[in-house]
Amino acid sequence: MFVYNEKFVSKKEGYYYSCPWIEHGLVFFKYKLAMCCNCGHEGSSQPLIRNNFIGQRIDWERIFKVKDMYRKFHKKGKFHTGCLSCPYLEEKQWDTSRYIDNLYISHWTDCNSKCIYCFEANNPEQFKGKRPYSVLPIIKDMQERGILRPGGIISFGGGEPTLLDEFEDIVNYLLDNYYWGIRVHSSGIKYSPALARAINEIRAYVVVSVDSGSKETYKQVKRVDCYDKVRETIRKYALQTTFLGRFLVSAKYIIIPGINDNVQELDSWMKANYDAGLYTTVLDLEEGWYLQNRNNIPEHLYQLIEHARKQAKKYNSNFELYERLQNLMNDKAKNKK
Ligand code: SF4
Ligand code: SF4
């Protein structure tokens, strides 16, 4: 459904509000194609392109006609309800050529971890019996038709991407055809040689979820006994990095209050990252807890984040907070003034 908002009617000649995903994005979800995968805003849904999709031949003319329809509405200040308050909406002169450069492959069909904060892990029937369709023939089709262009971002997420039968082939195909900007969120339980190649060639960014600085806490959070294996994967990926690509491998720590929100655990995690040769410190906050407690964040969490920031400096590491935490820290700083 589209709704009119006067605020989004551009007064500048040739300009209109849109986003990189509506213009040139495509997401492969379990049984549908969508414009994007962003849902952390008020509209909180991803505009649909096609439902009941299980890998059928794609009519590209139709896809681009849908994108043209969105453009037509946007020029009149009408927006899909799923896009309400989306931070990606921007007023500019968009390139309306027919190509895709933002791809997201998010099958949600399998994972080798059982994170305590994961909806799918807590509802295994969401995975059970689901089969991923093959995306590689579609990528090849796009490449041969000149529809897929390098220069954007090609992301894998949703379940564990390295478990997809075609994961290695897709990554190698993209590398062989000169794509870059590949992003993968992985549990790190399975090592991927193709991903290692992409890191070595400075064409991929990988974030491995660890959330702990010890075997015991890892087991408590992930409910699988794979801490050493994951640490080994991280070390092997880090060995592929060069000076230029030194920020391309990250071990992420999602703070889960009551489990890993203490200095000792965090310090062990940072030390293990340093020993593995990482130059990154990436923190996030568990979403379910955040949604329940965002108006009452305990002081020790702010202190923990400040502590991590100082430690990162000591280790000469890049420091990154995911969106939720960054917003919390910004609000805290504003309230201080
Ligand atoms: S939800 Fe945001 S990123 Fe997604 S299509 Fe709408 S404006 Fe673009
Ligand atoms: S790694 Fe991701 S998909 Fe797998 S259980 Fe954890 S949160 Fe869920």
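**Sheet, core and ligand shell**

Q: How many bridges join strand β3 to strand β4?
A: This is a predicted model. In it, β3 (residues 25-28) and β4 (residues 33-34) run antiparallel and are joined by two bridges.

Q: Which residue in β4 is the bridge partner of V27?
A: A34 is the partner of V27.

Q: What order do the strands of the open sheet take?
A: The sheet has ten strands, in the order β5-β4-β3-β8-β9-β10-β11-β12-β13-β14, with mixed pairing.

Q: And which strands stand at the edges?
A: Those are β5 (48-50) and β14 (318-321). Each has a single partner strand, so one side of each has no neighbour in the sheet.

Q: Which strands does helix α12 touch?
A: Helix α12 (residues 323-336) packs on the sheet against β13 (280-285) and β14. Its direction makes about 80° with that of β13.

Q: What about helix α6, which strands does it lie across?
A: Helix α6 (residues 193-200) lies across β10 (182-186), β11 (204-209) and β12 (249-255). It runs at about 125° to β11.

Q: Switching topic: how many residues are in the largest nonpolar core?
A: That core has 70 residues, and A204 and V206 have the most contacts inside it.

Q: What does V206 touch?
A: Leaving out residues up to four places away in sequence, V206 touches V184, S186, L195, I199, Y237, L248 and V249.

Q: Now the ligand. How many residues surround ligand 1?
A: There are 14 around ligand 1, and the closest are C19, C36, C83, C86 and Y88.

Q: How does that shell divide into nonpolar, polar and charged?
A: Ten residues of the shell around ligand 1 are nonpolar and four are polar, with no charged ones.

Definitions and conventions
Residues are numbered from 1 along each chain as its sequence is written. Chains are lettered from A and ligands numbered from 1 in the order in which they are written. This is a predicted model: local features need pLDDT of at least 70, side-chain atom pairs count only at pLDDT 80 or more; totals for chains, interfaces and linings use all residues. A residue is near a molecule or strand if its C-beta atom, placed from the backbone, lies within 6 Å of it. Ala, Val, Leu, Ile, Met, Phe, Trp, Tyr, Cys and Pro count as nonpolar, Asp, Glu, Lys and Arg as charged, and the others, Gly among them, as polar. A nonpolar core is a set of buried Ala, Val, Leu, Ile, Met, Phe, Trp, Tyr and Cys residues joined through C-beta atoms within 7 Å. A residue is buried if 20 or more other C-beta atoms lie within 10 Å of its own, exposed if 12 or fewer, and partly exposed in between; C-beta atoms are placed from the backbone. Two residues are in contact if their C-beta atoms, placed from the backbone, lie within 7 Å. Two strands pair if DSSP finds at least two bridges between them. Helices (H or I, at least four residues) and strands (E, at least two) are DSSP runs, numbered from the N terminus. Axes are lines fitted to C-alpha atoms, for helices over the stretch in contact, and angles run from 0 to 180 degrees between N-to-C directions.
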